[in-house]
Amino acid sequence: MREVGPGCPSAGRRRLACVPHVETRTGLVRRARKIDRVLAETYPDARCELDFDNAFELLVVTVLSAQTTDKRVNAVRPTLFAAYPTPAAMAAADREALEGIVGPLGFFRAKTESLLKLSAALVQDHGGEVPGRLADLVKLPGVGRKTANVVLGNAFDVPGITVDTHFGRLARRFGWTEETDPVKVEHAVGALFPKRDWTMLSHHLIWHGRRRCHAQKPACGACPLARLCPAYGEGPTDPEAAAKLVRTEGRA
Ligand code: SF4
């Protein structure tokens, strides 16, 4: 049994039925899976919003997406991979030329350095291929667990949970976990779902976080999860006010 009520984000707010104050583990699992089903119906197109044609491209664009938006990375991608289509080509890139291409994404010196080191490691340690194992991916320069799980889930069909800022915030709002450390969130949420669902679950939460369940002013009054979410009321509950907060696509 765990408390979802007092002490939870919804304490003191108007509640919309269906989330009990005290929830059994079974109840939590059922509610979590119901939330995922509702999100799947709400966002049937949910997917990785970064464009890519192969594992190398996905690895690179995911590294580049730090501190910027997927749209900006997608805009740079055609030029980047026309110039450097393989790890070997990128590892041999002229630094200034590469900086010029990734310049619009900000932090261009650090990002260029990351791409050069990453490509060189792929060439030296993996025969110019992106490895398909978490243990190998996280040893690559500039690749953390989040990036590794994006690549595994979307380029290798290996289920992975991607705990970015949206995923962590929503998992806590849903009362799935109180953890703030991304690895702990990953394990806590992973235990609520079958492994096969992990990748799409990640897309569903990230899409919902980008479109409705914003960090500031979530669109609670226009949210299909209102009856399942202990944090209902954290944002405007008036349907008209909430509808104005809904975005039809991710951040530009
Ligand atoms: S928008 Fe509001 S009701 Fe919907 S998931 Fe976020 S906090 Fe919960």
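Mentor: Start with what counts as a helix or a strand. Both are DSSP runs numbered from the N terminus; a helix is a run of H or I with at least four residues, and a strand is a run of E with at least two. Keep in mind that this is a predicted model.

Take α2, which covers residues 55-64. One of its partners is α6, residues 108-126. The axes of α2 and α6 are 10 Å apart and the helices pack at an angle of about 155°. Because angles over 145° count as roughly antiparallel, α2 is roughly antiparallel to α6. The crossing of α2 past α6 is right-handed. Which residues meet there? From α2 come Val 60, Val 63 and Leu 64, and from α6 come Lys 111, Ser 114, Leu 115 and Leu 118. Sorted by class, five residues in this contact are nonpolar, one is polar and one is charged.

Another partner is α8, residues 145-155. Here the axes come within 10 Å of each other and cross at roughly 150°. This crossing, too, is right-handed. On the α2 side the contact is made by Ala 55, Leu 58, Leu 59, Thr 62 and Val 63, and on the α8 side by Thr 147, Val 150, Val 151, Asn 154 and Ala 155. By class, that gives seven nonpolar residues, three polar ones and no charged ones.

Now step back to the whole chain. The protein is divided into domain 1, made of 2-46 and 161-243, and domain 2, which is 55-155. How far apart are the centres of the two domains? Taken over C-alpha atoms, 31 Å separate them. The domains touch through nine residues of domain 1 and six residues of domain 2. On the domain 1 side, α10 (182-190) and α11 (198-211) each supply at least two residues. The largest share, three residues, comes from α11. By class, the domain 1 side has five nonpolar, three polar and one charged residues.

An unreviewed UniProt entry annotates residues 64-211 as "domain: HhH-GPD". In the model that span is 64% helix and 0% strand, and its end C-alpha atoms lie 22 Å apart. Under "binding site", UniProt (unreviewed entry) lists Cys 213, Cys 220, Cys 223 and Cys 229. These four are spread over 17 residues of sequence but cluster in space, with a largest C-alpha distance of 10.9 Å. One of them, Cys 213, is in the loop between α11 and α12 (239-243).

Terms used
Residues are numbered from 1 along each chain as its sequence is written. This is a predicted model: local features need pLDDT of at least 70, side-chain atom pairs count only at pLDDT 80 or more; totals for chains, interfaces and linings use all residues. Axes are lines fitted to C-alpha atoms, for helices over the stretch in contact, and angles run from 0 to 180 degrees between N-to-C directions. Angles under 35 degrees count as roughly parallel, over 145 as roughly antiparallel, 65 to 115 as roughly perpendicular and the rest as oblique. A crossing is left-handed if the near helix is turned anticlockwise from the far one by less than a right angle, and right-handed if clockwise. Two residues are in contact if their C-beta atoms, placed from the backbone, lie within 7 Å. Ala, Val, Leu, Ile, Met, Phe, Trp, Tyr, Cys and Pro count as nonpolar, Asp, Glu, Lys and Arg as charged, and the others, Gly among them, as polar. Domain bounds come from an automatic or database domain assignment. UniProt positions are given in the numbering used here, feature names are shortened, and annotations may be inferred rather than shown by experiment.
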